[in-house]
Amino acid sequence: MESAQRRRPAEAAEGFATRPGESGTALELLVHGVGGTTPEEMLDDPRTVRITGDDTAAMFRRADDADAERHSAERRDGPVPEAYVWCNLTSGNGTRALWLLLLPFMVVNLAHWMRPTARGRRRAVRLYGLLVRLAGLSLTVLLVAAACEVALDLAAWQCAGTHACAERHSWLGFLSPELSDGGWWSLPGRRLALAAVVPTALTGLLWFLSLRTWSAYESQQPMTHDAEPEEEGGRTALGRPGFWYGRRLVARLRAAHTAAGLLTVATAVGSAAARQDREPGGPAALAVLGVLLEAALAVGACVVVWVVCRRGRAERRLDDGLDRRLVRYLPLTALALLALSLLYAGWERTGWESAGRLPGDATFGALALAQGLLVIVLAVVAHSLHRSDPDRRAAIRGLAGPAVAMLACALGGVMSGGVSQRVSDWLDGTGTSMPGPPVLLTWQASVIPPLLVVVLVLCGWLASRAWRIARAQSAAVEREYAGETGDPGRTRRIASVRAMAALTDRGPRILAVTSTATLLLGAGALAGALATDKTPGEAAHGSHAVVHGAAETAQALGSWLIGLGFILLVTWGRRAYKDPSARRTIGILWDVGTFWPRAAHPFAPPCYAERAVPDLTWRIATWTRATGGRLVISGHSQGSVLAAAAAWQLAPSTRRRVALLTYGSPLERLYGRWFPAHFGPDALSSLHQEVDCWRNLHRLTDPIGGPMRLPGDRGPDVDRPALKDPLAYGRTEAHPLPAPILGHSDYQADPAFAEERRRLLARLRPDVPAPRHTGEPGADPGVVSA
């Protein structure tokens, strides 16, 4: 119910809107949210034209408004609507579905941006970024090592070297010493050299995708402006000139990760041959060559680590430089070492036969141990940063970054283990002719069932929590719709939607428990594999029947689940490749996950904001400079995040001449909690002070959007009280049919949207920023305070 006091501002706003000095064109720049939409839907008109942009992202207007600036003197009922459509950046064509395979890289890149707020702790901040970059490097090595495990160990070494397995798979017959009668390719080293084509091609594909997506998405330079001094209290780094242009770092990391992948393949091939040459009676010359090759590979690995550690992001200026020699020669040197390794392994050796597993199983154990240590040290650094500048709203008390990094490592392990398990089962149908994948991968698969038990317990806790919230919200619904609540089912429905929306705020606790359980179970799996060098079922043999049965069950169920998970991932990607609706669902995941630049992993899906934010900044700056008119940036959901990022990138003089209208916005509820260093209270407060005016709309039924919760008396200035949803409880004169529960969508359907837009336009002036009203006696209540 609107009170008389709330009606007065709307009336005053309309009065201000018709002042004589405000005849300039007003523009409402609409920015859609997750999932995307069409310009026809955004502008509510089937006839639209593209004003500027291309097929990837563009600005659209109604056909009748194409040249609205030339007819600014004509009276209009409202602002000229202009829609920025950027959905093709995340869900444009079928190839986006293949980005699902890059999910661990995207998640670890998110961990980089989740660091706590820090003042005067530059060394700690640099250490935090360095640790995340090293975790990202370990994921690249893990992925390539998994490809080596499948191609080199399972296929070329074990199956081709086993008569029964090679006989079942005729395409491996030319690699089998028995089936090919000692053919040229049947020597173990030559089999490994040929199989190395698979992980090498995978590394090359990742390099190509990273280079291609950079050119397509992130190569747009932002509008140049001078860096503003960062006041005590911390203006966000999103306003720095070089924040949305990370060309130099991405190029360095791309070269380093590509070299790391090639060196991993070279090590897998060369170390097996070198170990054979070190056996008693082996050729001395080849043994010396093996030692030199391994030393060269170790030096190359040290150089890669140095490159990853040496430089982070340069945001205070537009860093358009490029370390051309490093970017060019580091991958080429690694490729040369790989070629030498293949030649070395392919040399003919007497008496070399493939038996058991390929030497090098310890690689997966070393990677798991390194990742666990990196996550623990990262947690210590994050805790130290959080204690120096506590933020009560920060997720997991500043430990969200380490928790997400742990999940990224777990995803990498699940994907690599799933591929190995499925390929092993496919090659060795009986399960007796081949040793199978490394023991550690089997242990890691065996801890999945206990982890699922933890997840099920958390789901039960969430269900009970939702039930309690729904009970409390039922009473709130009855109070809000006083005199109308005569339908218990309707009341329960509204209360249930509110309860489900409130569960979003429990996400940090879910992540904390899941990541902690993952770390502990992963440590147990590593310890069990190193201590026994047997699978869980074999290690439990001879123990109590219950223990042995549990181990066998966990091993079998885990192997089945990890394979099923990988198959579902591939199936979902294949479906999304053909089905636009499914592709848009995957696009929602990328809308949230790929907003941030590639600062920790160059093979992560591309950052669409490095294209979208410069687009918005250029459009806002050029339009206000050319027309001097009033401009409202209207952002829904993820579009509000892009709108805020674009506002920070504007010059201060331009920033003070625009208004911000956000609705269904995750700026504080998600980004402020999970990314406190960039969207924390200080950052949002600075945005509130620097734009001319800002209003935010939210609903209790919205699982994504929420209030800004700015400290002090600034919050009420920005946040309108929660909108009613549904607009009417039952049938009324205005709503003769039942009103739907809108949740996160259709904010424009609420009369409050048009009211707040009118108030923002009334607040703006066409030529100069309007004076700020601070609430002194006599201030007009109809003017929205900034």
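## Overall make-up

Helices (H or I, at least four residues) and strands (E, at least two) are DSSP runs, numbered from the N terminus. The protein chain has 28 helices and seven strands. This is a predicted model, in which local features need pLDDT of at least 70, side-chain atom pairs count only at pLDDT 80 or more, and totals for chains, interfaces and linings use all residues. Residues are numbered from 1 along each chain as its sequence is written, and side-chain values use heavy atoms, with hydrogens and water left out.

Buried means under 20% relative accessible area, exposed over 50%, and partly exposed in between (1.4 Å probe, protein chains only). Of the 786 residues in the protein chain, 54% count as buried. Contact means heavy atoms within 4.5 Å. Among contacts in the protein chain with a separation of 6 or more, 79% join residues 24 or more positions apart.

## Helix 5 against helix 13

Helix 5 (residues 122-159) and helix 13 (residues 400-427) have axes that come within 10 Å and cross at roughly 5°. Axes are lines fitted to C-alpha atoms, for helices over the stretch in contact, and angles run from 0 to 180 degrees between N-to-C directions. Helix 5 and helix 13 are therefore roughly parallel to each other. Angles under 35 degrees count as roughly parallel, over 145 as roughly antiparallel, 65 to 115 as roughly perpendicular, and the rest as oblique.

Helix 5 contributes residues including Tyr128, Leu139, Glu149 and Cys159 to the contact. Helix 13 brings, among them, Gly412, Gly413, Ser416 and Leu427. By class, the contact has 14 nonpolar, six polar and one charged residues. Ala, Val, Leu, Ile, Met, Phe, Trp, Tyr, Cys and Pro count as nonpolar, Asp, Glu, Lys and Arg as charged, and the others, Gly among them, as polar.

## Buried sites

Helix 4 (residues 103-113) is mostly covered, with eleven of its eleven residues buried. Among them are Pro104, Asn109, His112 and Trp113.

Glu756 sits in helix 28 (residues 751-763). Its relative accessibility is 0%, so Glu756 counts as buried. Leaving out residues up to four places away in sequence, Glu756 touches Leu661, Arg695, Leu697 and Arg720. Pro331 belongs to helix 11 (residues 324-346). Pro331 counts as buried because its relative accessibility is 12%. Pro331 and His257 lie 74 residues apart in sequence, with 8.7 Å from C-alpha to C-alpha.

Val85 is in strand 4 (residues 80-85). At 9% relative accessibility, Val85 also counts as buried. Beyond its neighbours within four places in sequence, Val85 is in contact with residues including His32, Met42, Thr56 and Phe60. The C-alpha atoms of Val85 and Ala612 are separated by 9.4 Å, although the two are 527 residues apart along the chain.

## Cavities

On a 1 Å grid over the protein atoms alone, a cavity is a set of points where a 1.4 Å probe fits but cannot get out; lining residues have an atom within 4 Å of a point. Grid points are joined across faces, edges and corners, and a volume is the space filled by probe spheres set on the points. There are three cavities of 30 Å³ or more.

The largest cavity holds about 70 Å³ of space. Its lining includes Tyr245, Arg247, Arg248, Arg311, Arg313 and Asp319. Three lining residues are nonpolar, three polar and five charged. The second largest cavity holds about 50 Å³. Eleven residues line the second largest cavity, and the closest to its centre are Leu102, Leu209, Ser210, Phe603 and Ala604. The lining of the second largest cavity has eight nonpolar, two polar and one charged residues.

Methods. 1 Å grid on protein atoms, 1.4 Å probe; cavity = no way out; pocket = protein on both sides within 12 Å on 5 of 7 lines; lining within 4 Å.
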